[in-house]
Amino acid sequence: MTVLTAFAYGIYTFGPPVALFFVTVARHPHEIITMILGAFFWLLALLFASLVWIIVIPLKDTPAFTLPISVILQEVFRWLYFKLLKKADHLLEIVSEDKSDLRKHKIAYVGGLGFGLIAGIVMFANVLSVASGPGTVRSNQYFVTVSAFSTQVMIILHICWGVIFFAGLESKNWLYIFAVPISHMFISCLSLLINLANTPAYFLSFGYFLCVVFVALAFFAAGARPKTLVDFFKR
Amino acid sequence: MRLSFPLTFSLLFLVSLTAGLETVYQKIYTEISGIVPCFRLTNATSQIGCSATPRNVSGRVWFIDTQSSLDYLISSYHYYKPYIVVLEPELFTSSNVLQLYNSDVVNGIIIRYIQENATIPSDILNFSPAKPCPNNGFGSSQCRNWNNGTSLNFVNFDKFAIFAITSNESYNSLYECYRDNNLPLNGAPFYENNRADYPLCTAELMADMQSVGSTPECFQRGRIWTNLGTAPCDPLGDMNVWGTLFELRQEQNVIMIATKLDSSAFFPYLAYGANNEMAGIVTLLTIAKLLGDMKRNGSLINTTDSIMFTFFQGESYDYIGSSRMVYDMINNEFPYSYDSSKQQPPRFGLPKIKAFIELSQVGIQTERETTSPVYYLHHNDQQSLVSALQNGADQYNVSFQSSSSSLPLPPASAQMFLRENQSVPVVIVTDFDQQYNNKFFGSRYDILDNLIGPDGILDSSHPLVLQLANLAGSIARAALTLSGPNPLTASLPEPDTELIVQLLHCFLQNSDCDFFKGLFSSNVEDVLLPKPMYRYVTVNTVTNTETYVAYQLLSNFTGESIPYTGCGSNCTTPDNIETYYLLNQSNCACTKAYTHMHTATSPAFIDGNYSSDYYSTWAESRWTSTAMRIYIVNSYFVEMWILIAGILLTGILTAVSFQCYRKAKNIFAISASSLNGKTIHPVN
């Protein structure tokens with residue numbers, strides 16, 4: 001493993017969300033602020049989760065306890081983040097040039113990107129730092145590869161969850177509202193099980209399958225339909 | 001705990017991949033403990049030893065157990081270079097090591113050496129990495145090839161590391177890493193050109209030496225780089241130990257019986273030197289005990305001339321201790337420079353030395369198990385001295401022979417005395433005549449095995465023990481004769497064979513023995529270890545355990561108990577007295593002995609003449625750490641695909657998101673249609 005390796009995994013994991021950032025967010029200052037705010041809220045969730053981790057001493061080494069707590073806190077803070085944006089909505093509307101309903105979906109998408117990016121960085125940064133070499137993980141030579149893939153799955157899912165969750169709250173759509181925390185909890189807890197089966201391939205397949213489903217759902221929630229998608233291919 | 005905190009959350013999903021909450025670092029690297037490094041030493045003109053500076057060296061671990069596989073690895077098997085080669089001990093020969101160093105496929109060498117119960121492997125018949133003429137260039141007489149040595153100890157290994165593994169556990173974990181990863185498929189031998197599969201076991205050796213070039217360069221750096229003047233190296237040195245039986249008087253001449261305390265080896269911390277000069281040290285201590293017993297039981301009241309027992313330190317590195325003693329004698333500063341506020345023993349110089357008897361390699365007879373050993377006397381035409389020794393041997397089953405007269409004197413501390421004054425009467429007692437009997441001189445295999453033979457059992461009836469006892473008795477008698485006043489008529493008591501066994505056992509098998517532990521008043525858990533005591537002189541900033549042990553033993557053997565009441569702190573040397581020492585013993589006895597330590601740092605470092613060719617200039621490089629870790633490396637195959645996939649994915653997503661962004665109002669038409677006044681939500 002070399003610096004090249006770290007670069008390869010870095011590109012693979014963070015290339016897509018960074019591309020999204022530059023294409024869709026970078027040109028709008030208020031959206032950048034919104035995104036950073038989303039990242040901040042995710043970090044707050046992490047902070048509270050770590051407080052729980054510190055306080056509950058006997059369960060420090062039990063991911064089966066800390067993991068669900070962390071997921072619940074992340075979803076709570078996603079909701080708080082929505083509440084905050086709702087309060088600031090009229091201000092955001094003033095600075096935004098887009099006055100359509102699409103604007104709200106875009107805010108949700110930008111927030112999700114913030115959540116996803118920061119979650120990915122915290123998840124993967126220390127793996128990436130040791131991936132620069134020279135050794136590789138003994139017990140599982142695909143440790144870093146699996147880490148990179150899972151991180152990418154989580155980043156994509158966070159973006160979709162942002163869009164779907166906000167759309168659900170906006171329109172009181174309970175299906176959307178519950179789909180997000182349940183799927184989050186599900187995929188997280190599923191990762192605990194690959195310990196036993198030692199089959200990361202299944203986990204990753206399911207993760208990417210979930211990505212496809214939630215990307216589709218997010219597009220749908222944001223107002224895309226099969227017939228409107230045709231416009232994608234028009235010049 | 002500090003590490004596991006960020007871990008728990010950063011790896012929320014990934015901790016589960018393997019059991020337990022190790023850090024990622026621990027999942028990758030295994031630190032190998034129990035290693036002894038080869039490190040860098042410098043002298044006036046050159047550097048020797050190993051340095052991996054500026055980087056750590058690493059390579060694929062390859063175990064080599066035959067000469068042919070070693071040759072094959074170097075000549076043809078370059079697929080996975082560079083290598084760290086783990087050699088079977090018998091392959092660690094001078095020519096092999098140099099061949100590996102000079103090939104561009106090897107970055108380091110590891111060999112196994114378990115200190116506890118060490119034996120000489122039966123297929124190693126001789127191994128002497130010392131010089132053919134030890135301390136060449138510093139003696140008073142010309143040099144000849146006394147030793148069948150290869151000078152491997154004096155080779156400079158640059159950007160190369162050589163470690164000895166001294167723990168079975170570490171060796172096994174290294175071997176398992178190799179076996180599980182680097183063996184070609186189906187266990188086929190690599191030397192038939194069978195390729196191994198990635199991932200491969202790799203070792204990284206850290207031996208970061210700060211000194212470079214030579215001792216003058218090192219101290220030059222110290223001046224330039226830091227205002228404090230701290231150089232990246234320290235002079236070798238320690239303390240000489242000497243003592244007299246009775247208080248030294250101004251009018252007395254001196255009969256010196258000397259040997260050296262230190263030894264050398266390729267890995268200095270594996271220098272045990274059983275015949276270089278452990279046998280000599282044991283003999284000298286036995287003489288001290290013998291004469292001390294006579295003093296204590298009243299059969300020896302006083303002597304006309306003084307008998308002085310001397311242990312020189314640092315002799316293996318160009319006579320550090322003896323050259324310093326001679327230097328101080330010439331400057332009228334031996335034993336101490338004059339201080340009117342203190343009670344000091346009289347100062348004396350070279351003319352006062354009436355006889356200089358040196359024990360230099362006395363443990364190996366050509367006929368190993370012989371009970372009537374022959375010792376050779378190398379001397380500068382001192383017939384009276386020779387006959388004194390030969391007369392001394394009358395009572396004992398041992399004979400002294402003058403060495404072949406055409407030969408110069410062998411390398412020994414006496415050379416330093418002769419260099420300044422050719423008329424000092426010198427006799428060097430050895431077990432060899434023209435060539436060292438010691439096949440392992442200056443190596444890590446100069447161990448007890450080398451003295452008592454592979455099947456020998458160390459007890460008081462072993463020929464070696466009897467040889468040393470008789471030698472001690474003979475020299476003790478000769479010394480008494482030489483010191484006067486009266487011709488010796490009475491027989492001496494029998495030398496203590498049990499003492500010899502005990503000393504050999506403690507020095508060469510287990511220094512954590514009760515005998516040694518009793519010499520220390522405080523806790524010595526990390527000072528005395530359950531293995532042989534290494535005898536590398538080390539840098540001059542610390543006093544070696546061995547020096548302290550020799551000092552205490554000599555004090556006990558030559559001293560006598562004095563009236564002492566209470567176990568308080570009264571039994572100490574008064575500040576202003578340097579004539580005798582009072583020892584605070586753990587058994588609450590107080591001993592009065594005329595034993596001293598004398599600085600053994602080369603005179604070259606006194607006036608900063610670092611490029612001296614007259615005095616020893618050896619210095620040891622400073623280093624931050626010597627360590628070793630192993631890990632496995634993968635081929636770049638997977639990583640290359642990840643890189644390509646990453647670039648493709650990023651490119652495609654850029655294009656897709658750009659188009660989506662451009663066409664957003666059309667694609668997300670239902671949301672965007674609220675522009676027309678209708679509020680239609682996607683689902684509801």
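**Close-up views of a predicted two-chain model**

**View 1. Tyr319(B) sits in the loop between β14 (306-312) and α8 (320-330) of chain B.** Helices (H or I, at least four residues) and strands (E, at least two) are DSSP runs, numbered from the N terminus. Tyr319(B) is not a glycine, yet its phi is positive, about 55°. With a relative accessible area of 3%, Tyr319(B) is buried; here buried means under 20% relative accessible area, exposed over 50% and partly exposed in between (1.4 Å probe, protein chains only). As background, most residues other than glycine have a negative phi, and most peptide bonds are trans.

A word on conventions before we go on. This is a predicted model, in which local features need pLDDT of at least 70 and side-chain atom pairs count only at pLDDT 80 or more, while totals for chains, interfaces and linings use all residues. Residues are numbered from 1 along each chain as its sequence is written, chains are lettered from A and ligands numbered from 1 in the order in which they are written, and side-chain values use heavy atoms, with hydrogens and water left out.

**View 2. The loop between α5 and β10 of chain B holds Asn193(B) and Pro199(B).** Asn193(B) has a positive phi of about 65° although it is not a glycine. At 39% relative accessibility, Asn193(B) counts as partly exposed. Further along, Tyr198(B) and Pro199(B) are joined by a cis peptide bond, with omega about 0°.

**View 3. Asn276(B) and Glu277(B) are joined by a cis peptide bond.** Here omega is about 5°. Glu277(B) belongs to helix α7 (residues 274-296) of chain B.

**View 4. An open sheet of 8 strands in chain B has mixed pairing.** Its order is β1-β23-β10-β5-β6-β7-β9-β2, where two strands pair if DSSP finds at least two bridges between them. At the edges stand β1 (30-32) and β2 (35-37) of chain B, each with a single partner strand, so one side of each is left without a neighbour in the sheet. From one strand to the next, the twist averages 30°. Axes are lines fitted to C-alpha atoms, for helices over the stretch in contact, and angles run from 0 to 180 degrees between N-to-C directions. β1(B) and β23 (residues 623-633) of chain B run antiparallel and are joined by 3 bridges. In that pairing, Glu31(B) has Arg629(B) in β23(B) as its bridge partner.

**View 5. Helices α4 (residues 94-102) and α5 (residues 168-181) of chain B pack on the sheet.** Helix α4(B) touches β6 (83-87), β7 (106-112) and β9 (161-165) of chain B, where contact means heavy atoms within 4.5 Å. The direction of α4(B) makes about 150° with that of β7(B). Among the strands that α5(B) touches are β1, β5 (57-64), β10 (200-209) and β23 of chain B. The direction of α5(B) makes about 85° with that of β5(B).

View 6. β5(B) and β6(B) run parallel, joined by 5 bridges, and Val61(B) has Ile84(B) as its bridge partner. The chain crosses from β5(B) to β6(B) through helix α3 (residues 67-75) of chain B in a right-handed β-α-β crossover. A crossover is right-handed if, with the strands pointing away from the viewer, the path from the first strand over the helix to the second runs clockwise. β6(B) also pairs with β7(B) in the parallel sense over 5 bridges, and Val85(B) stands opposite Ile109(B) in β7(B). β6(B), α4(B) and β7(B) make a right-handed β-α-β unit.

**View 7. Helix α8 of chain A spans residues 200-221.** Its 22 residues reach 30 Å from first C-alpha to last, close to the 32 Å expected at 1.5 Å a residue; the expected span is 1.5 Å times one less than the number of residues. The buried residues of α8(A) include Phe203(A), Leu204(A), Leu210(A) and Phe214(A). Seen down the axis of α8(A), its buried residues fall within an arc of 120°, so they line one face of the helix; the arc is that of the directions from the helix axis to the C-beta atoms. The face turned away from the buried side carries the exposed residues Ala201(A), Tyr202(A), Phe209(A) and Val212(A).
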